[in-house]
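The tour goes from one selection to the next.

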Amino acid sequence: QVQLVESGGGLVQAGGSLKLSCAASGRTSSTYRMGWFRQAPGKEREFVASLTRGGSSTDYADSVKGRFTIFRDNAKNTVYLHMNDLKPEDTAVYYCAARYSDYDVRTSARYAYWGQGTQVTVSS
């Protein structure tokens, strides 16, 4: 089983930065590929970023490309989302997730495990 715990959310002004962490634990955690999603109140969960090809490549939603960076520390079984130039529309609960393969990485149904989420609020 895989357990995921997000941290690092908070309140920040527009233009600021935050770094989110997702710590993975469990016997098979190293076999999963990681991604980030977010969900604002009253809206559908949307894809943010993902590590692909065993972590050697990345994929980003157009809305965050150039501002957000996903990376990992394999020794700590932790994946990060570094968010720069935050905008009010980035306000949401951010979730990390683990999947079995790199196929259709932007679809939430492809992910088997989810964290509890961490709140990011960007004020204007």
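**Start at the cysteines**

Select C96, which is buried at a relative accessible area of 0%. Buried means under 20% relative accessible area, exposed over 50%, and partly exposed in between (1.4 Å probe, protein chains only). This is a predicted model: local features need pLDDT of at least 70, side-chain atom pairs count only at pLDDT 80 or more, and totals for chains, interfaces and linings use all residues. Residues are numbered from 1 along each chain as its sequence is written, and side-chain values use heavy atoms, with hydrogens and water left out.

A disulfide joins C22 to C96, S to S 2.0 Å; the criterion is a pair of cysteine sulfur atoms within 2.5 Å. The structure holds one disulfide. It links distant parts of the chain: C22 is in strand 3 (residues 18-25) and C96 in strand 9 (residues 92-99), 74 residues apart. Strands (E, at least two residues) are DSSP runs, numbered from the N terminus. Check the torsion about the S-S bond of C22 and C96: it is about 60°, so the disulfide is right-handed. C22 is buried as well, with a relative accessible area of 1%.

**Strand 4 and its partners**

What stands opposite C96 in strand 9? Select W36 to see the answer: W36 faces C96 there. Strand 4 and strand 9 run antiparallel, joined by seven bridges. Two strands pair if DSSP finds at least two bridges between them. Strand 4 also pairs with strand 5, again in the antiparallel sense, over four bridges. Pick G35 to find S50 of strand 5 opposite. Then follow the hairpin that strand 4 and strand 5 form, with six residues between them. Stop at G42 in the turn, where phi is positive, about 75°. Color strand 4 by accessibility: five of its seven residues are buried.

**The nonpolar core**

Select W36, L81, M83 and Y94. Of the 34 residues in the largest nonpolar core, these four touch the most other members. Such a core is a set of buried Ala, Val, Leu, Ile, Met, Phe, Trp, Tyr and Cys residues joined through side-chain atoms within 4.5 Å. Elements giving two or more residues to this core include strand 7 (68-73), strand 8 (78-83) and strand 11 (118-123). Which strand gives the most? Strand 9 does, with five residues. In soluble globular proteins, nonpolar side chains tend to be buried together.

**Rings and charges**

Next, show the aromatic side chains. The whole structure has five aromatic pairs. Rings of Phe, Tyr and Trp (its six-membered ring) pair if their centres lie within 6.5 Å; planes under 30 degrees apart count as stacked, over 60 as edge-to-face and the rest as tilted.

Zoom on F37 and Y111. This pair is edge-to-face, 5.0 Å centre to centre with 85° between the planes. F37 is in strand 4 (residues 33-39) and Y111 in strand 10 (residues 111-114), 74 residues apart. Both F37 and Y111 are buried. R45 places its charged end over the ring of W114, 4.2 Å from its centre. The test is NZ of Lys or CZ of Arg within 6 Å of the ring centre and within 35 degrees of the ring normal.

Finish at F71 and Y80. Their ring centres are 5.1 Å apart and their planes at 20°, so the pair is stacked. F71 is partly exposed at 31% relative accessible area, whereas Y80 is buried at 12%.
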